[in-house]
Amino acid sequence: DEIATALQSQLELATYSTEALSGPLEDGRFVIDSVGDAGCRIETTVTPAGGHTLITVRYGADCPFE
């Protein structure tokens, strides 16, 4: 929960608005759905993994590639 909340805050500082924060889901993961400038959508998944945390970030096709 703390990691998902911290990532959400950092995404918002980077001009990405949070559309949804889901979790904890059945496996303990959280999902943050964000949207930025020019319709760039990002899905960030925070998953507990045996004492570690796996963070996956998926960028939508409308995101600039730089």
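How many residues does helix 1 have, and how far does helix 1 reach from its first C-alpha to its last? Helix 1 has twelve residues and spans 17 Å, close to the 16 Å expected at 1.5 Å a residue. That expected span is 1.5 Å times one less than the number of residues in the helix.

A quick word on the ground rules. This is a predicted model, where local features need pLDDT of at least 70 and side-chain atom pairs count only at pLDDT 80 or more, while totals for chains, interfaces and linings use all residues. Residues are numbered from 1 along each chain as its sequence is written, and side-chain values use heavy atoms, leaving out hydrogens and water. Helices (H or I, at least four residues) and strands (E, at least two) are DSSP runs, numbered from the N terminus.

Four strands make an open sheet in the order 1-2-3-4, with antiparallel pairing; two strands pair if DSSP finds at least two bridges between them. Strand 1 (17–22) and strand 4 (52–59) stand at the edges with a single partner strand each, so one side of each has no neighbour in the sheet. From one strand to the next, the twist averages 15 degrees. Take aspartate 33: its bridge partner in strand 3 is glutamate 43.

Helix 1 lies across strand 1, strand 2, strand 3 and strand 4, running at about 5 degrees to strand 2. For angles like that, axes are lines fitted to C-alpha atoms (for helices over the stretch in contact), and the angle runs from 0 to 180 degrees between N-to-C directions.

Which residues of helix 1 are buried? Ala4, Gln8 and Leu11 are, where buried means under 20% relative accessible area, exposed over 50%, and partly exposed in between (1.4 Å probe, protein chains only). They cover an arc of only 65 degrees around the axis, which puts them on the same side of helix 1; the arc is taken from the directions from the helix axis to the C-beta atoms. The buried residues pack against strand 1, strand 2 and strand 3. Glu2, Gln10 and Leu13 sit on the other side of helix 1 and are exposed. Just after helix 1, threonine 15 takes a positive phi of about 70 degrees.

Contact here means heavy atoms within 4.5 Å, and the contacts listed skip residues up to four places away in sequence.

| Residue | Element | Relative accessibility | Contacts |
|---|---|---|---|
| Alanine 4 | helix 1 (residues 2–13) | 1% | Leu21, Phe30, Ile32, Val46 |
| Threonine 47 | strand 3 (residues 41–49) | 18% | Arg29, His52, Thr53, Leu54 |

Alanine 4 counts as buried because its relative accessibility is 1%. Valine 35 is 31 residues from alanine 4 along the chain, and their C-alpha atoms are separated by 16 Å.

**The disulfide**

The structure holds one disulfide, meaning a pair of cysteine sulfur atoms within 2.5 Å. Cysteine 40 and cysteine 63 form it, with their sulfur atoms 1.9 Å apart. The link is right-handed, with 90 degrees about the S-S bond. Cysteine 40 lies in the loop between strand 2 and strand 3 and cysteine 63 in the segment after strand 4, so the pair ties together parts 23 residues apart in sequence. Are these two cysteines buried or exposed? Both cysteine 40 and cysteine 63 are buried.
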